[in-house]
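Subject: Structure for you to look at

Hello,

Here is the structure I said I would pass on. My notes follow below it.

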Amino acid sequence: HNLRASTIQGYMAQTRKLLKLLCRKETIKAVPAFPPLKTQPHSRGAFTITEYKAILRQSKQLRCVTFSDWGLGNKAWIKSDYHQMPQEMNWLIRFMVYTFVRPGDIRQIKNKHIEIIRSTYLYLRLNLPEVKRHKAATVSLPSAVRIYSALLDYQRSRGYGKPDDYVFFPEVVNRRAVLDIAGWCFNWILNDLDLKAGPHGTDRSLYSLRHTAITFRLIYGGNIDLLTLARNARTSVEMIEKFYASTLSAEMNIALIHGRRQ
């Protein structure tokens, strides 16, 4: 009775798969109908432009600062090498917002997946590994070029930066740990700014930067259409309307509402 709707959906999905298997093996004659289950989408919540600027300032101020506020009786669970705010954390935050990537992409992006395009437009072309059946190349905003170039220079100064080297935290062999490190550092920033909880009480995380990237394009991206945005963010129009655009208010796009046809 106390399970969330998303948890119940997961159990129902597994049960449905099992019954389909039994049906194929002719153990049962048919798969019974499943009751519909309505869920209320919970967006992880984007940051406002003011909050985003504060996050960038804090990530710079905390560079090389050692975290010590573990709380009474609590032990440090993150590797000691990352008790200090990493130099690249500020770049990681901005890179995510200017490229629309998911946190999961951060741990597997290599330099060979990124191409700097300098033509009519300046941008990064990202040929990332397939995720959620999306494998088409995407493009970044112009600012991502400067961020990636600075990050690449930094990694080369440390002996990395080769095509097969990872863009972020290339020294970490266990790539699953990269999300732990980045998430821990980002939570440190959010907690310092008292921004961990969103306006509706939902905890915000590294994934909120992807929400911020898409939300900023919806607000400040001119007349961009949802299909173009969805394809470049490697998601669907339905997902943007259901989750990413769910936090937009009418006031955010007041220029479009007040606009007149020429």
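In these notes, contact means heavy atoms within 4.5 Å. Please keep in mind that this is a predicted model.

I began with two helices. In α3, Met89, Leu92 and Ile93 meet Ala182, Cys185, Phe186 and Ile189 of α6. Sorted by type, the residues of this contact are seven nonpolar, no polar and no charged. Helix α3 covers residues 89-99, and α6 covers residues 176-193. Their axes come within 11 Å and cross at roughly 95°, which means that α3 is roughly perpendicular to α6.

Helix α3 also holds Asn90. Is that residue buried or exposed? Asn90 counts as buried because its relative accessibility is 1%, and the cut-off for buried is under 20%. Leaving aside neighbours within four places in sequence, Asn90 is in contact with Leu56, Ser59, Lys60 and Arg63. With one of these, Ser59, the Asn90 side chain makes a side-chain polar contact of 2.8 Å.

The other part I looked at is a sheet. Three strands form it, in the order β1-β2-β3; the sheet is open and the pairing antiparallel. At the edges are β1 (114-118) and β3 (138-139), each pairing on one side only. Strand β2, residues 122-126, is joined to β3 by two bridges. Leu126 stands opposite Thr138 of β3.

Helix α5 (residues 143-157) packs on this sheet and touches β1 and β2. The direction of α5 makes about 125° with that of β1.

Regards

Key: Residues are numbered from 1 along each chain as its sequence is written. This is a predicted model: local features need pLDDT of at least 70, side-chain atom pairs count only at pLDDT 80 or more; totals for chains, interfaces and linings use all residues. Side-chain values use heavy atoms; hydrogens and water are left out. Two strands pair if DSSP finds at least two bridges between them. Helices (H or I, at least four residues) and strands (E, at least two) are DSSP runs, numbered from the N terminus. Axes are lines fitted to C-alpha atoms, for helices over the stretch in contact, and angles run from 0 to 180 degrees between N-to-C directions. Buried means under 20% relative accessible area, exposed over 50%, partly exposed in between (1.4 Å probe, protein chains only). A polar contact is a pair of N or O atoms within 3.5 Å; within protein, one must be able to donate a hydrogen and the other to accept it, and residues adjacent in sequence count only if both atoms are side-chain atoms. Angles under 35 degrees count as roughly parallel, over 145 as roughly antiparallel, 65 to 115 as roughly perpendicular and the rest as oblique. Ala, Val, Leu, Ile, Met, Phe, Trp, Tyr, Cys and Pro count as nonpolar, Asp, Glu, Lys and Arg as charged, and the others, Gly among them, as polar.
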